[in-house]
Amino acid sequence: MRRIHPDITDDPDIPQAYAYPADRPWLRVNMVASADGGAWIKGLSGGLSSKGDRRIFGVLRGLSDVVLAGAATVRTEGYGPAKPRESWAPLREGRPAAPPVAVVTRRLDLDLGSPLFTEAAPDARTIVITCEAAPKDRRTEAADRAEVIVAGDDRVELDLATAALHERGLTRILCEGGPRLNGQLAAAGLIDELCLSVSPMLIGGGAARILNGEAGQTDLRLAQVLEEEGVLFCRYIRE
C-alpha cells in the first residue's frame, strides 16, 4: 500500500494515517463503493471489498470507541460483535479489547438471540438505539440482552443518539452504514469524516449510493488518498 496524497509514501503507518482528533468527538463514516458509485453487489458490500479494504476496515474498528450501524445493515450483513485482535492492543490501551456495536432501529426488528447479542463481551455489550414509538415489549426484551438508548419519540433522533454515546465516553464513532443511516447522519450535519474505498469496477444495476434517502449537502476536503492494487482509499474531512 502507498500514500499518493498529500504526499507519496510507501507502506504508510495505517493507524497513524487514520488517527482520530484528540480534542473533540468525531463521527467517521466508512464505506466501499464501485467506480460508478454502487454500494453493494447482490445486496452485500463484500463483493466490492479487497485485501487492503479489509485491512483498513479492521484498523478503523480498532481505533473506534463504538461501531454504529443501521438495523437493515446488521441483518443483511449478518453482524456479530467486533472480535478483539492482537494488533488492536496498542490502539485500545485503557479501553475494552473491542468496541461495542450500536444498532439504530425504530421498530426493534432484530434477532435478539443472534451472536451480536449473545456473544458480545460484558465490557463491550451491544447497544440498541431506538425511540419511544418502538414496541414496549421489544424494548423490555432488548434491555435484557443489550444496553438500550431511547433517542426521540416517533423516530430515532440521531443528534440525541450521538449525544447519548458521548455521555457514555464513546466519542470516536465509526459508522458502517448503510446508505439510509448515512443519509440521515449527513442531513443532521453529524458526519465529520468520510472514509471511502473506491473499487475499480463498474456494476450498474440498482445498488444504492453510499448515501441514500434524505437530501443534504456536506462540503468536504480531500485529506488523504492511499492506493493498493488499483483500489483507492480516500479520506475526506468536513470543511
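Does aspartate 65 count as buried or exposed, and at what relative accessibility?

Modeller: Aspartate 65 counts as buried, because its relative accessibility is 5%. Buried means under 20% relative accessible area, exposed over 50%, and partly exposed in between (1.4 Å probe, protein chains only). This is a predicted model, in which local features need pLDDT of at least 70 and side-chain atom pairs count only at pLDDT 80 or more, while totals for chains, interfaces and linings use all residues. Residues are numbered from 1 along each chain as its sequence is written, and side-chain values use heavy atoms, with hydrogens and water left out.

Aspartate 65 sits in the loop between α2 (51–63) and β4. Helices (H or I, at least four residues) and strands (E, at least two) are DSSP runs, numbered from the N terminus. Two polar partners stand out. The side chain of aspartate 65 makes a polar contact of 2.5 Å with the side chain of arginine 95. A polar atom of that aspartate side chain also lies 3.1 Å from the backbone nitrogen of threonine 171. A polar contact is a pair of N or O atoms within 3.5 Å; within protein, one must be able to donate a hydrogen and the other to accept it, and residues adjacent in sequence count only if both atoms are side-chain atoms.

Beyond its neighbours within four places in sequence, aspartate 65 is in contact (heavy atoms within 4.5 Å) with Arg95, Pro99, Pro100, Gly169, Leu170, Thr171 and Arg172. Arginine 172 leads on to β8 (172–175), one of the elements that the buried residues of helix α7 (179–187) pack against. The others are β3 (26–34), β4 (66–70), β5 (101–104) and α6 (158–167). Those buried residues of α7 are Pro179, Leu181, Asn182, Gly183, Leu185 and Ala186. Glycine 189, with a positive phi near 70°, follows α7. In the loop between β8 and α7 lies glycine 178. The peptide bond from glycine 177 to glycine 178 is cis, with omega near 5°.

Those two glycines matter for the next stop, the largest pocket. Gly177 and Gly178 are among the residues closest to its centre, along with Gly70, Ala72 and Thr73. The lining has 41 residues. The space in this pocket is about 1,100 Å³. On a 1 Å grid over the protein atoms alone, a pocket is an open set of points where a 1.4 Å probe fits, with protein on both sides within 12 Å along at least five of seven lines; lining residues have an atom within 4 Å of a point. Points are joined across faces, edges and corners, and the volume is the space filled by probe spheres set on them. Two or more lining residues come from each of β3, α2, α3 (71–77) and α7. α3 gives the most, six residues.

Now to β3, which is mostly covered, with nine of its nine residues buried. On one side are Trp26, Arg28, Asn30, Val32 and Ser34, and on the other Leu27, Val29, Met31 and Ala33. Two strands pair if DSSP finds at least two bridges between them. Valine 29 has cysteine 175 of β8 as its bridge partner, and asparagine 30 has cysteine 195 of β9.

The whole sheet is open, with eleven strands, mixed pairing and the order β2-β1-β10-β11-β9-β3-β8-β4-β5-β6-β7. β2 (9–10) and β7 (147–150) stand at the edges with a single partner strand each, so one side of each has no neighbour in the sheet. β9 and β11 (231–238) pair in the antiparallel sense over six bridges; there, serine 197 has phenylalanine 233 as its partner.

Finish in β9 (193–199), with valine 198. Valine 198 counts as partly exposed because its relative accessibility is 21%. Leaving aside its neighbours within four places, valine 198 is in contact with Ala33, Ser34, Ala35, Gly230, Val231 and Leu232.
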